[in-house]
Structures are given as C-alpha cells and as structure tokens.
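Please open the structure in your viewer and keep the selection tool at hand.

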Amino acid sequence: SVMTGALFGDIVGSVYEFRPVKTADFPLFSRRSCFTDDTVLTVATADALISGAGYGKKYREYYRLYPDAGYGGMFHRWAGNPSAGPYGSYGNGSAMRVSPIGYAFGTLDGVVREAERSAAVTHNHPEGIRGAQAVAAAVFLARTGTPKEELRRFLQTRFGYDLSRRLDDIRPSYGFDVTCQGSVPESLLAFFESDSCEDAVRKAVSLGGDADTMGCIAGAVAQAFYGLPADLEKRVLGMLTPKLREVTIKFREHYE
C-alpha cells in the first residue's frame, strides 16, 4: 500500500515528540497517540497531486481544516496569511510532507523536480529543498525495488548526506533538531538499519529527537520498501478523520 507508513510513523512518534525516549522498546500506541501536522500536510500533498491544485493552496486549506495539529511558528504565520510568500525555511516540514510525490511520478527526475515544487512554496532554502528531494527520491527508489546499499550510495552521492554512521553512535548525543540537515539523514539511517516498517519507525523515534517527523520520514521510506502490515494500516486509518481517511484511500486507489 502507499502513504500510510508516513502517517503510521507520525502517529507513533506523536507521543514522544516532547517526551524523548532513547530506546526502540516502547509502546507503539497509547491513548495519547494522535496524528499531527505531519499527517495533515502529507495528506494535503496527496490531495494536491490527485486534484491538480497548487501545493500552497492545499497546505493552507488543510491548515484551516486542522489549525491545532502542531505546526511550526513560521508555517503558522504563512498559512494564516494568504498573500505570504515562501520564508526561506530549512526546517524538516518540507521533508515530512513530501512522500506521496515518490508514488505519483514514474521517473526519478520527475520525482526530484516535483519535490522541489512542493517544498518551495514555504521552504525555498537549499537545505529545505534538498531534504524534500532526498525523501521523495528514497520513496521512489525503495518502491521500485532498488537494493538498500545501492539506495544508500545514491542518496549519499546525490544529496551529500553522511549515511555511513550507526544509530548507536548517534543516539547518545542526539537532541531535538527540526532542521532538514539535522534530521533527514538520521531518519534515513533508521530505515537503513531496519528490517520492517515498524522497526524503522521505532529506530527513528529511539534517537530522542523530533520523533513524529522522524518517524514519519522513516515510515514513508520503509513502507515503500517493505510494505505495512494490514493490521497496522487499519489501525492508522481508524485514527484519522473521515476527510483525511478518504483522501488517503483515494490516493492509494489512484497510484497503487
């Protein structure tokens, strides 16, 4: 299936965003688990792709539908002001919402080009664009059967991220970091060290950083590579609003 891995990672990480854990051994769901801005904007990206509407228009529309989902301050101001332009961000918001693009295009070049378009409405900083492109490219290559080591080499070469590190070496000193350059490569490493979508999300959360976004990114790539078990997918769909669920299912029917 498509896209639900990202939403799964967001929901699982939501509990730990401000209560960091440094272990992968934690309850997957609790009564505090909920979707956040990562899910809302990922679904908004999917909606933009299905409907052909502009990314900026859809991001603002979904912001109005779900104003309390936990957006960053700069996005909050941008979304509330219809005439605001991009604000040079290199935060990981561009990367957390991009994964549907990895499913919607048939070529790597198409995916990378479109990822920039989706990022640039807000995150028109080279690092904000690079983070989005790397995640979208990873999703595309994972879903088209690229072996892990080939994928790792490509991402290192093309985007310049250091993907040779080990999570166990990063974890002790890693802190809350919402920049693309400080959280996208680490989220990708969680995928590279994983053996399932759930394992990738657990490992991303275990770094003790921006847990929902890192879970979202790791979950997106991991689902593209491994799939997501039906029981987890059902659980995720059940935690969405009717609108978010409807668009997620529609996107799946469109691109699966």
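Select D47, K58 and E61 to begin: a network of salt bridges links these residues. A salt bridge here is a side-chain nitrogen of Lys or Arg within 4 Å of a carboxyl oxygen of Asp or Glu. The model is predicted, so local features need pLDDT of at least 70 and side-chain atom pairs count only at pLDDT 80 or more, whereas totals for chains, interfaces and linings use all residues. Residues are numbered from 1 along each chain as its sequence is written, and side-chain values use heavy atoms, with hydrogens and water left out.

Next, display helix α2 (residues 37-51) and helix α3 (residues 55-65), whose axes lie 9 Å apart at an angle of about 135°. α2 is therefore oblique to α3 (angles under 35 degrees count as roughly parallel, over 145 as roughly antiparallel, 65 to 115 as roughly perpendicular and the rest as oblique). Helices are DSSP runs of H or I with at least four residues, numbered from the N terminus. Axes are lines fitted to C-alpha atoms, for helices over the stretch in contact, and angles run from 0 to 180 degrees between N-to-C directions.

Which residues of α1 meet α14? Select T4, L7, F8 and I11 in α1, which meet L232, E233, V236 and L237 in α14; contact means heavy atoms within 4.5 Å.

Are E233 and R252 buried or exposed? Both are buried (buried means under 20% relative accessible area, exposed over 50%, partly exposed in between, with a 1.4 Å probe and protein chains only).

Then select R165 and E186, which form a salt bridge with the closest N and O atoms 3.2 Å apart. R165 lies in the loop between α9 (148-159) and α10 (167-170) and E186 in helix α11 (residues 184-192), so the pair ties together parts that are 21 residues apart in sequence. R165 is partly exposed, at 28% relative accessible area, while E186 counts as buried at 6% relative accessibility.

Finish at E198 and R202, whose side chains meet in a salt bridge (2.9 Å, N to O).

Terms used
Helices (H or I, at least four residues) and strands (E, at least two) are DSSP runs, numbered from the N terminus.
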